[in-house]
Number of protein chains: 4
Amino acid sequence: MEKSEGKYSTIHYQKYLELEKILNAQSLRSAQLGQPAHEEMLFIVVHQVYELWFKQIIHELESVIVFFDDKEVIESSLGAACARLDRVEQILKLLVEQIGVMETMTPLDFLDFRNYLFPASGFQSFQFRAIECLLGLPNEQRLTYHGKRYSSVFPKEQQEQLDQIYSRGTMLEVVEEWLERTPFLKLDDFDFLKMYKGAVQQMLRQEEQAIQATEYLSDKEKEMRMKMVGSTDSYFQAILDKKTHDQLRAEGKKRLSYKATLAALFINLYRDEPILHLPFRFMTCLIDVDNQLTTWRYRHAQMVLRMIGNKIGTGGSSGHEYLAKTAQQHQIYADFHNISTLLIPRSALPELPKSMKEQLNFHFNTI
Amino acid sequence: MEKSEGKYSTIHYQKYLELEKILNAQSLRSAQLGQPAHEEMLFIVVHQVYELWFKQIIHELESVIVFFDDKEVIESSLGAACARLDRVEQILKLLVEQIGVMETMTPLDFLDFRNYLFPASGFQSFQFRAIECLLGLPNEQRLTYHGKRYSSVFPKEQQEQLDQIYSRGTMLEVVEEWLERTPFLKLDDFDFLKMYKGAVQQMLRQEEQAIQATEYLSDKEKEMRMKMVGSTDSYFQAILDKKTHDQLRAEGKKRLSYKATLAALFINLYRDEPILHLPFRFMTCLIDVDNQLTTWRYRHAQMVLRMIGNKIGTGGSSGHEYLAKTAQQHQIYADFHNISTLLIPRSALPELPKSMKEQLNFHFNTI
Amino acid sequence: MEKSEGKYSTIHYQKYLELEKILNAQSLRSAQLGQPAHEEMLFIVVHQVYELWFKQIIHELESVIVFFDDKEVIESSLGAACARLDRVEQILKLLVEQIGVMETMTPLDFLDFRNYLFPASGFQSFQFRAIECLLGLPNEQRLTYHGKRYSSVFPKEQQEQLDQIYSRGTMLEVVEEWLERTPFLKLDDFDFLKMYKGAVQQMLRQEEQAIQATEYLSDKEKEMRMKMVGSTDSYFQAILDKKTHDQLRAEGKKRLSYKATLAALFINLYRDEPILHLPFRFMTCLIDVDNQLTTWRYRHAQMVLRMIGNKIGTGGSSGHEYLAKTAQQHQIYADFHNISTLLIPRSALPELPKSMKEQLNFHFNTI
Amino acid sequence: MEKSEGKYSTIHYQKYLELEKILNAQSLRSAQLGQPAHEEMLFIVVHQVYELWFKQIIHELESVIVFFDDKEVIESSLGAACARLDRVEQILKLLVEQIGVMETMTPLDFLDFRNYLFPASGFQSFQFRAIECLLGLPNEQRLTYHGKRYSSVFPKEQQEQLDQIYSRGTMLEVVEEWLERTPFLKLDDFDFLKMYKGAVQQMLRQEEQAIQATEYLSDKEKEMRMKMVGSTDSYFQAILDKKTHDQLRAEGKKRLSYKATLAALFINLYRDEPILHLPFRFMTCLIDVDNQLTTWRYRHAQMVLRMIGNKIGTGGSSGHEYLAKTAQQHQIYADFHNISTLLIPRSALPELPKSMKEQLNFHFNTI
């Protein structure tokens, strides 16, 4: 089909996609070691498809991290960053759906070839670990697995590659630095934190007055609602206190620096300002990716439970429990999720000073 | 549009669907009590759609339970039962997808009207509780909520309706009874349990021999694998022991009776026999519904976390945590899931006696 | 559960959602006129859910159209417009999925109650027509239905409501006006059309040179590829000619004005400029909504074919064919789709003049 | 990681899945021939994933066809056949979803590398053609493509492989033969066709009486409804006439033989009989697969329209139109869809003779 092998040759679909390789990479262990098990093909194909998508996800994540290298021109790349994270989210959604295909294999079918796989295990997917690293899952937060470091199942070369991701800077780190560079928190006579704290206090006082003035509430109900306001108050004060924040961070309960957290809060509150639209969307994308990854972990755990019950996995792990725990513990952008706890209604939000508002708007806004 | 209001009148789409009622049931609290919040419409519609689907699910579940009333003709209804549970699963999938629509509302949007909702809460959905009851979630297994019985939020009449579901017989109960009636476990000279235990032992012995005979395994690896076989052995013995089973059941760790469990195991192992095809599919449907419900709980918890962070819910609950826990603890058909732990490969499965095999097949099998 | 019926009363879930109305609006015609058909409940619930979502879609579309009333501050609303159209797309996706639930009813099941429905038909959904009108489907483009105007099935009052949507201004119209107001097409010494035409010519000439210089191509292949370039050339020239455009528009083959089309092309080509990011995303949202609506029509037609074959629908229509045709012909934003035909590679795109580039960027871009 | 290369070696995930091959098969043409285009990776990965799934689909379809080789034991394999077609449907659903991932690439992104692909085209996917052949798409029904046979783009060896699929027997053919072997159509004193025709006549006469007796219908309405009944009558008579059927089949408008069609109708009508449950489910699976494939074609066409507008595809085709047409014309199991036109309500269905009913039931039905 090829006219020439030269650089500018025309190309055939089959060659372009290297289907020789792709479609000749399914060797059933069951066929080699015993009776060919019809369902092993599905098992292989499902995992190969996973790995292809993982490669794509890595391609996207790496490219987004690179955007943040250049401290000056970030704004113009933010649109592309969102588009690429959107794509990662779409892919992860597909991977969640794909579990349904895997589940068309029944536990009994799996038993036909499960023994041949020992000790291969999804735990040995290098690319999946690379994705976790790129997103910024810190080693300290990882569940240990049979008491060993997660990367111990990989050859030394791959272990080093994973380490390099951290030394280069993860998504979480570059985003944190970018947030810390946000110029809006203190500008001229504008002090965001002070303004925000004032707004919170005012909102809580109004709420208390409303409770006291509501005739139909019984005294007991009033007391309960007042208590709720009170605990909201302490909550805000604790969270907005730099010392408390730094303490929580030292304990590994928070990841984002105090300054980056405030910037993220600012962006969340004033997202309607045109210049903040993209930054807000970008943070939303990060949360979406994190959520989707968590959903995948969860559905994966559910599938493993169904497939092998409480038996230990092919890699010698108590698969279901490990996976179910990672769904809870390997969440990476919890700090962004938690911002929602600090939001206050638009009606309680103080107007930005006019000088600032002008700066936040497009140059073209008067057209 | 109507020609007559009489019994045989023709009917218009709008009237048939009672759209007068349906489309005039969205009153924004925000509009009544303050500023109309654009997003409150979504909040209302999403929940109304949930409730419509809940009604449909109840309609299906009740009809399936009725099938089991008649002890004789169950087989001919099993196909319909599967079709209806399939539908319930499809609906639950849709409800999971629907969470994505809800998530197009941001936490900041929600704050615009959240205060007006107090103390209304999804916890007060009567129909959702009815679904849990119909499926067979036992009261003992339920999480308490602020220390109160789950049904305390309902008027007395509704509480009684929920109780009646239990006294009438839940899905889990009627299925258990049906399984216990399975005639295959002991028939003529066939003793399923004995045969199965023998097969398990043989399978484990073969596995041990294979390990010992494998040259490339180090002694340490052999020892580890032998230990794995050993623990599988103890596991099977414990599970198949009636005393142990009854003990676990008394402790609430198992729900299905010993006899029903064996029947379910038999059906799972010999699903390829034509007469067992539908019973197997039916059990699979139950698991699918359970899984889908669990997924919905999980995604719901994830959404609540995103929407209100760790703040307490509109009903005064710590919403996210409660919901996340129900995803783990309110699983209803765990006993069916766990059957997969007891499966043995088809190759290790003993042939059924010929006399039995004939009885299990269609009368028409020679055509 | 209610403490008071007053304005500030607390509220119960059941009352807030008006479940009295919602859950008592399912009267089976089969039960009234003959034997209750189990599946009729599904039929009713599915359509009621459709109508609830239609109400939500109308709520969103109307709110977006209102944004465009104010000619000055559009930019700050564009983010919200995108979010709302995104939601509409999500809802439409759900409606497509929902067809799968409907398909759990088999044709035989449907026959049990189909006769009772005459002549009610989905064709009589007022809200669906309102959505088509709001998006801007012109009456001329509509398929006739048994030779009658689509709105003839509605009472006069509703017919007038549909007409009012057009007189108020549809989405397509307000977007067209907004595009025509785009200030970028001619600015100082910048003439977009001239620049773009030049770029197209240059790109095509380069392509021709590359073909001629490619050694491995046979003469016949070169000729074929040259011909392809030629027809691309004529295509661009025809499309970019105002006269041709106006002619096509007069014939109903195009909807957008020449000026609005150029603006849309400009935005598509220079989408990477920060200020154009949101306008581009907004146009993408319109295409997504249109696509999703078309997919729904298509799947709906497929479902009807399955359910009633070639028999005429309950409304006396040849349902499948009518629906399948609307999937092709009722596409509303075809003009936006077609922009992709006019795109040229980023590498062929001329740089914007520096003075313009500065104006297109954020005021804050140097921080 | 491997202990030995011998036959019984343990295996590592990476080696088992041959990730060396899989993950080193993405060479960007844009990088080889010009500037690396970020989005080309997605383009390659999406298509490789397609091909992996195609391989899996072929694996399943071939295995189902084999089941039908053995004329005697089909019943016991029907369950497995359904499970495998179910899986094919799930995979096709995933492929439809996957189009959404592809659509995260914009037309402008595609232009960055589109020129390098010439003349590679999805039209050159051998496996996709093999799937069409396996399902039974006849060559006569295929759209020609630039006037050439669809297989002319493949090397001779692959063309022969496609031909062999037909000579071996397609799914449609083996299913037709299986249907023709159905023993139920004439048995003892039971004549299905005669009984069915009688039931149809009775149903139509009752309908006519009901129309005449309905007081609220105007004469004009009565006339219209009587005409509808009349045309239904002619329709049934034409369809059930062997001569007419054979004529339509000769013209390529029907594919299934008269006898097979009657058998399919019988199974559809009496699906509630236990022995017919699986055959009915199997036919439903075939329709589901066909529908899902059609949906994929449709969404694919929609995506191509969006991506390249009316420009000709990379393979030199007018991509969108060709694809949109195949969505209509390449439907394979239309004859099974059309059965729904022949269904009559359960209430009009004649009881099977008792002797037959007994034979249709399980041997175990009295337990």
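This is a predicted model: local features need pLDDT of at least 70, side-chain atom pairs count only at pLDDT 80 or more; totals for chains, interfaces and linings use all residues.

Me: What makes the relation of chain A to chain D that of a two-fold axis?

Reply: Chain A goes onto chain D by a turn of 180° and a shift of 0.0 Å along the axis, with an RMSD of 0.1 Å. That is why we speak of a two-fold axis here. Again the same surface serves both copies: 100% of the contact residues of chain A recur in chain D.

Me: How many residues does each chain put into the contact of chain A with chain D, and which helix of chain A gives the most?

Reply: There are 54 residues from chain A and 54 residues from chain D. Helices 1, 2, 3, 4 and 5 of chain A each supply at least two residues to that side, and helix 4 of chain A gives the most, with 13 residues. By class, the side of chain A that touches chain D splits into 27 nonpolar, 18 polar and 9 charged residues.

Me: And what about the contact between chain A and chain B: how many residues, and from which helices of chain A?

Reply: That one takes 28 residues from chain A and 28 residues from chain B. On the chain A side, helix 6 (107-111), helix 14 (274-308) and helix 16 (334-338) each supply at least two residues. Helix 14 of chain A has the largest share, 10 residues. The classes on this side are 12 nonpolar, 11 polar and 5 charged.

Me: Let's go inside chain D. Why are helix 7 and helix 8 of chain D called roughly parallel?

Reply: Helix 7 (residues 126-135) and helix 8 (residues 156-168) of chain D pack at about 15°, their axes 9 Å apart. Angles under 35 degrees count as roughly parallel, so helix 7 of chain D is roughly parallel to helix 8 of chain D. The crossing is right-handed. Helix 7 of chain D brings D:F126, D:R129, D:A130, D:C133 and D:L134 to the contact, and helix 8 of chain D brings D:Q158, D:L162, D:I165 and D:Y166. By class that is 7 nonpolar, 1 polar and 1 charged residues.

Me: Why do helix 4 and helix 7 of chain D get the roughly parallel label?

Reply: Helix 4 (residues 40-67) of chain D packs on helix 7 of chain D at about 25°, with the axes 9 Å apart. The limit is under 35 degrees, so helix 4 of chain D counts as roughly parallel to helix 7 of chain D. Here the crossing is left-handed. Among the residues that meet are D:F54, D:I58 and D:L61 of helix 4 of chain D and D:F128, D:I131 and D:L135 of helix 7 of chain D. The contact has 10 nonpolar, 1 polar and 3 charged residues.

Me: Last one. How much of chain A counts as buried, and what does a residue need to be called that?

Reply: A residue needs 20 or more other C-beta atoms within 10 Å of its own, and 40% of the 367 residues of chain A count as buried. Chain A has 17 helices and 2 strands. Of its contacts with a separation of 6 or more, 75% join residues 24 or more positions apart.

Definitions and conventions:
Residues are numbered from 1 along each chain as its sequence is written. Chains are lettered from A and ligands numbered from 1 in the order in which they are written. Copies are superposed by least squares on the C-alpha atoms of residues with pLDDT of at least 70 in both. Two residues are in contact if their C-beta atoms, placed from the backbone, lie within 7 Å. Axes are lines fitted to C-alpha atoms, for helices over the stretch in contact, and angles run from 0 to 180 degrees between N-to-C directions. Helices (H or I, at least four residues) and strands (E, at least two) are DSSP runs, numbered from the N terminus. Angles under 35 degrees count as roughly parallel, over 145 as roughly antiparallel, 65 to 115 as roughly perpendicular and the rest as oblique. A crossing is left-handed if the near helix is turned anticlockwise from the far one by less than a right angle, and right-handed if clockwise. Ala, Val, Leu, Ile, Met, Phe, Trp, Tyr, Cys and Pro count as nonpolar, Asp, Glu, Lys and Arg as charged, and the others, Gly among them, as polar. A residue is buried if 20 or more other C-beta atoms lie within 10 Å of its own, exposed if 12 or fewer, and partly exposed in between; C-beta atoms are placed from the backbone.
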